[in-house]
Structure formats: C-alpha cells, structure tokens
Amino acid sequence: MSSRTALLRIALRDALAAKGRSALIIAMIALPIAAIVGLQHLWGDDGNSQGSFPFETGTPTATAISGLLVTMIVLETVLLAGPAFAVGLRRQRLLLARISAAGGTPGQLRAVVLGGGLVLGAIAAVTGTVLGFGLALGLRAIIEPQRATPLHPWTFRPGGIVFVVVLALVSALAAAWLPARDAGRTDPAAVLAGRREEPRVSRGVPVLGALLIVGGLGFIWATLWELRELGPALGTVPLVLGFVLLTPMAVAVCAHFAGRLPLPLRIAVRDAGRNRARTAPAVAAVMATVAAFTALSIGMASDLEQERLEYVPRTAEGNTVIGGFSGAETEAVAAAASSALPGATVHRLAGLDESVRALSPDCSCSYYGPQNLPFGTRHLVGGPETAALLLGVDDPTVNAALTRGEAVVFDRTMLKDARVRFAYHSPESYLPDAPENPPTATPGDTAEPSEAPVFPATLSPRPVGPELVSLLPPALADRTDLPTRTTALIITKPLTDAQADRLKNAIAPFDVRLYTETGYHRDGDTVVALALTGTAAFLVLLATLIATALAAADSRPDMTTLTVLGARPRTLRLIRASQTAFVALLGCALGLLAGLPPGIAVTRPLTTPTDSPYLTTPHGPLTEIPWLPLTALCLALPLLTSLLAAASPHPTPKPPHHPL
C-alpha cells in the first residue's frame, strides 16, 4: 500500500470518527451547494438563454457578477467551516504527533488534514447536489401553479454539476488549508508531553491584509465612474480579504486590553486570543456577512431615496383617473362610475383627440398614441378649474399662465424661449389598433419644424407626469384645428377599498384604464430589504453559535479547571455568553468598517441624478445609510446569540477524580 493511500485511509477514518465535527463541516459546505444546484435547475432553459447562474455569459457585467457571487460563497463557506477544522486539529494533534514520531514528514502531516478536507468536501458535494435537486423540484411544484405562464422545461445541467463538485472540493480544501499548515509545524515532543502549543501568526499577514485593504479602496476610487456599480463590487473582494487577514491581529489586540473587563468577559476574550485559529475564522465569517449586508443596504437605501425624490405623480395624491375609452363610450363609462360611487362627483377632463406630439427644441420626439395613457391623451384642455383638479391645489403660476392664454407644460425639455412647438399626424393616419410602442417619429412624418405651430408656454412648478405633456387653455387648443373631447374622468375624493372595488367592477365591461394616485411607495423593496436582513441575521447567528459550540468543545479542560477552582455554573454560562458576544460584536464592528466604503462609493454612480424632463428640483448624488437595521443587526443580534448560548443546555464540567 502506497503512503498516499495509507494517509488517505487515516484521514477518512479520523473524519468518520469525529461525527459531530464532520457533520458540521459537511452541512456548512453542502447548504450553499444545494442553493446553487437548486437555482441552476429551478428555472430550466428555453434554449435561447445565454447561460444560467453561475454561467451567465450574456454580458461582461453579468459574468463578473456571477464570478463575484461564487467568490463570496466560497469565502463564506471557508470561514464557516474553517473553525471546525481548526478545532478538529487539536483533537488530531496526538495522532499527528505519533505519525511524526514514527518518521512522518511535515508534508505527510499536512496531507492527513487536507485528505480529511477532501473526503468531507466530496461527501458535501454529493449531499448538496441531492438536496439541490430536491429543492428545485419542490419549489417548481409550488411556484409553477402561481404563475400565469409555465416555467421552462426541466433541463439537466451536467456542466453545473461538475462545477458544484469542484466548488465543494475547493471550499473544503481551502477551509482545511490553514489547519493543515499548522499541522505541518507540529512539535511531537510537546504534544506527547501534554503541552499546549500557542498559535504562531506570521507578522507579514497583517501587512498583506493592510495592503489588500488599501488596494481595494484604491481600485474602487479609480474605477468608480468608469465601471460604475461594478467597480465597488470588484473592489469589495480584496477589501474583505484584507479584513479577513487582519482579523487575527484584531482578536489579539482585544485580548491584550481585556484586563479591565468583567471576569467572564475577560476570560472569554483571553481564551479567544489564545485560540485565534478557532476564533478568527468565526469573527471573519460574521465580518464578511455584515460587510456585504452593509454595502447592499446602503446602496438599496440610497437608490430608494433617489426614487422617492424623483417620483413624479400623474395627478394629485388621492385622485382616481379613468381614461383610454373611445368617444362613443364616454357617457356609458361616466354613468357606470357615478352609479358605483353615489355621492361622489365624477369630473370630466377634455383633451386633444388626436395623435399629437410636442416637438423638443432639436425637433425630435417619440410618438405616443393615446392608447394606454391614464388621461387618454398627452395634452389636456382646460382652464384654472381643470388645473386645480389635476394638481389638487390652486397654483398661482399655473392659473396666471392659463388666464393669459398660455400653455402649461410639464415636460421641461419641450420648452425653448418660453414657447412650445406642436406637430401632429392627420386624423386618418391614426389607427386604433396601432402597436403599443410605435417607432420614433421624425419631423418629416408631420409638418416641417418651421411650419409647426408655436405657442407661448410656462413650465409648471408642480411636476405631473410622465405621460402628460401639457395643459392648453381652450382658446389655444382651438388654434390646433384638432377636435377636443372628453378623454378621461377624474374623481378627486379619496376612495375606500370597498369603493375602489365597486368602481373596478362597474367599469370592467369597458376597455379603459383605471389609475389611483397613491404617492410613492415600494412594498416590494420592503420585502427585499426584510429578506436581506433576515439572511444576514441568520448567517451571523449561525457563525456565532458555531463558534460558541466549537469553543465549548475546545475549552473543556479550561472549564474543568475553573470548576476545580470553585466557579459556579452561572459563571460558566456567563463565559459561554461572553464568548458568543465577543465573536458577534467584533465581527459586526469589522464588518461595518469593511462595508461602509464600498456602500458609500456605489451610491455615487447609482444615484447620479437622471435627466428626467419632469423634475423641477435637481439633486446631487445621494448617500442614505440605514442606521436602524445596521444598529439592530450589530447590537440586538449579539445580545440574542449570547442569551441563546447562556440558555443552551451544557453539562457542567466535573473535576477529575483522584482516588486516594
């Protein structure tokens, strides 16, 4: 039997003997693998896609994002499984010392630990693949009945299976690499004599970590505007890796200044400092999760703030508009609305009943027919009373312009020298069944720019849009030689849910569009934010509880010593709670430091003001930091995990019995 085969058998036997630790490592690797396999096979393939995660090839950005996601999955897996390998190494030291005493080389000692990682990675790959298939089949059975269109047919992806197998093996070997390196330095004499070796950390590791942090920040700054959102995403990888390398030093610094802490916390922090090989990966796992959560939360909150500021209402909040009906349906729709809302006044809005468009100063404008528009037209006709219905207030600027016979324009790009120019198709050129998004019209399609009618106009100080372009006083509308008709109905009284349902049912027989202005709200993004917070909280909880469980298993001799010295069970529980709190708090603090720079940087290109023609109040780049969820994650969660650790059942170590 070759030495490699013998070492692999030793590693396999040792991995199977440590059932709890091996099961933990397998779970840490298999769960992300199951998620990837499930996503790969959930949506199937229609034969036209450019690829499927993690093989997106549609655009360079999609490929880069997929690569970054895979990198973060591997990093998180390694950081969660690494402490289990580190604790397992302490149990393996006697075996490794015997192999070394029998003539084993440092390379063979490393091979034993890496062989265990290879075996566990292979088991995790098979387990994760099976779970992923089950996850995909279960989700398809739940999701497909809820969809209007069926999901794409199930497609087996052998390339994806090969990828996840390689990913599992790489993750396991990466998690076992540092313990394997320490195994190669085993001093057999010290281990066989029962002495506990202090971990040795290379002085170059913190320097390399600092260089990676500086390099990541420099990359983000240099590529921010050229790569836009992708620059901070790419720069986050070396930034987080740098903080990972600095984590052992941060643990050691905390242990150095732990002298004035209360006794349970002092013991916990100093124990973490003595066992940096176990503590640092757990702290780094929390740090990576909080860093990603911080950056994503800042980007999402800033993006939502920009959307809120740039939101343009179609009419005053609370108004309900019925539009899109033909002239022959006007009376029937109005009667149906009035019968559904007894006591409410249904106002009529007039508009140009043609395919009219305004010309921008450069004489280019997309053509929009009146179909699918809330008001049935882009150009309403009326005086101050109509403006009050539309805006919800009597605006003096708008009223004065309409009284002077000027058009009120809501799209600022259509104004030049306080004038607006119109062009329109002839009545016979408009087809009711024209495509919803016809091609862009050119000035040659209508009157020449020099022949297009030009009207005096005033920009509305209150934004309304984006489908509505102008409000013309009746005298000015007459100069277009186009007929005016009722194009929409408006109810200015806010409706209850019951009234809205009655109105919807009453106008259902007609081909009309119903719209109620409710102001800016994004319920879907709230769900996404809650899901993101929940995922981050779960990962932080998982990492800290794993670290506490491993610390409890690894520090049984210390707990026995404290019991001999007279420590009460309450003190031992406080020590376990302090171990958990220290891992969570330090990880959250480092995560905030790592996540703030890319999160703030991504808001620069992400919230650059759009050139919206309906915005009257410009703004610069926005940075919104969601302190409430960040504070809740970094303070409430460590408190929760420490309480769980203190309340978890754990046998009190008993002092050794010395028969006399």
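Me: In which handedness of crossing does α8 pass α18?
Reply: The model under discussion is predicted. Helix α8 spans residues 230–256, and its packing partner here is α18, which covers residues 569–606. The crossing in which α8 passes α18 is right-handed.

Me: How are α8 and α18 oriented to each other, roughly parallel or roughly antiparallel?
Reply: The axes of α8 and α18 lie 10 Å apart, and the packing angle is about 150 degrees. Angles over 145 degrees count as roughly antiparallel. The orientation of α8 to α18 is therefore roughly antiparallel.

Me: How is α8 placed relative to α10, oblique or roughly antiparallel?
Reply: Helix α10 comprises residues 276–310, and its axis comes within 9 Å of that of α8, with a crossing at roughly 135 degrees. Roughly antiparallel would require an angle over 145 degrees, and roughly perpendicular one of 65 to 115 degrees. The angle of roughly 135 degrees therefore makes the placement of α8 relative to α10 oblique.

Me: How many nonpolar residues does the contact of α8 with α10 have?
Reply: The crossing of these two helices, α8 and α10, is right-handed. From α8 the contact takes V240, F243, V244, T247, P248, V251 and A252, and from α10 it takes R276, T279, A280, V283, A284, M287, A288 and A291. Sorted by class, the contact of α8 with α10 has one charged residue, two polar residues and, as nonpolar residues, twelve.

Me: How are α18 and α19 oriented to each other, roughly parallel or roughly antiparallel?
Reply: Helix α19 covers residues 627–647, and its axis is 7 Å from that of α18. The two helices pack at an angle of about 160 degrees, and the threshold for this class is an angle over 145 degrees. The orientation of α18 and α19 is therefore roughly antiparallel.

Me: How many charged residues are there in the contact of α18 with α19?
Reply: The crossing of α18 and α19 is right-handed. In α18 the contact involves R573, R576, A577, T580, A581, A584, L585, C588 and L592, which meet residues of α19 including L630, L633, C634 and P638. By class, the residues of the contact of α18 with α19 divide into 13 nonpolar, three polar and, as charged residues, two.

Me: Is L530 exposed or buried?
Reply: L530 is found in helix α16, residues 523–554. Its C-alpha atom is 9.4 Å from that of P629, although L530 and P629 are 99 residues apart along the chain. The relative accessible area of L530 is 61%, and because the class for values over 50% is named exposed, L530 is exposed.

Me: Which class of accessibility does A400 fall into?
Reply: A400 is found in helix α13, residues 396–403. The C-alpha atoms of A400 and G383, 17 residues apart along the chain, are separated by 9.9 Å. Buried requires under 20% and exposed over 50%; at 31% relative accessibility, A400 is therefore partly exposed.

Me: How far apart are L12 and V113 in space, C-alpha to C-alpha?
Reply: L12 lies in helix α1, residues 3–17, and counts as partly exposed at 35% relative accessibility. Along the sequence, L12 and V113 are 101 residues apart. In space, C-alpha to C-alpha, the separation of L12 and V113 is 9.9 Å.

Me: What is the phi of D417?
Reply: The place of D417 is in the loop between β5 (407–409) and β6 (419–424), and D417 is exposed, with a relative accessible area of 68%. A418 lies in the loop between β5 and β6 and has a positive phi of about 60 degrees although it is not a glycine. D417 is not a glycine either, and its phi is positive, at about 55 degrees.

Technical notes
Residues numbered from 1 in each chain as written. Predicted model: local features only at pLDDT ≥ 70, side-chain atom pairs only at ≥ 80, totals over all residues. Heavy atoms only, no water. Axes fitted to C-alpha atoms, helices over the stretch in contact; angles between N-to-C directions. Helix = DSSP H or I, 4+ residues; strand = E, 2+ residues; numbered from the N terminus. Parallel < 35°, antiparallel > 145°, perpendicular 65-115°, else oblique. Left-handed = near helix turned anticlockwise from the far one by under 90°. Contact = heavy atoms within 4.5 Å. Nonpolar A, V, L, I, M, F, W, Y, C, P; charged D, E, K, R; others polar. Buried < 20%, exposed > 50% of the residue type's maximum accessible area, 1.4 Å probe, protein only.
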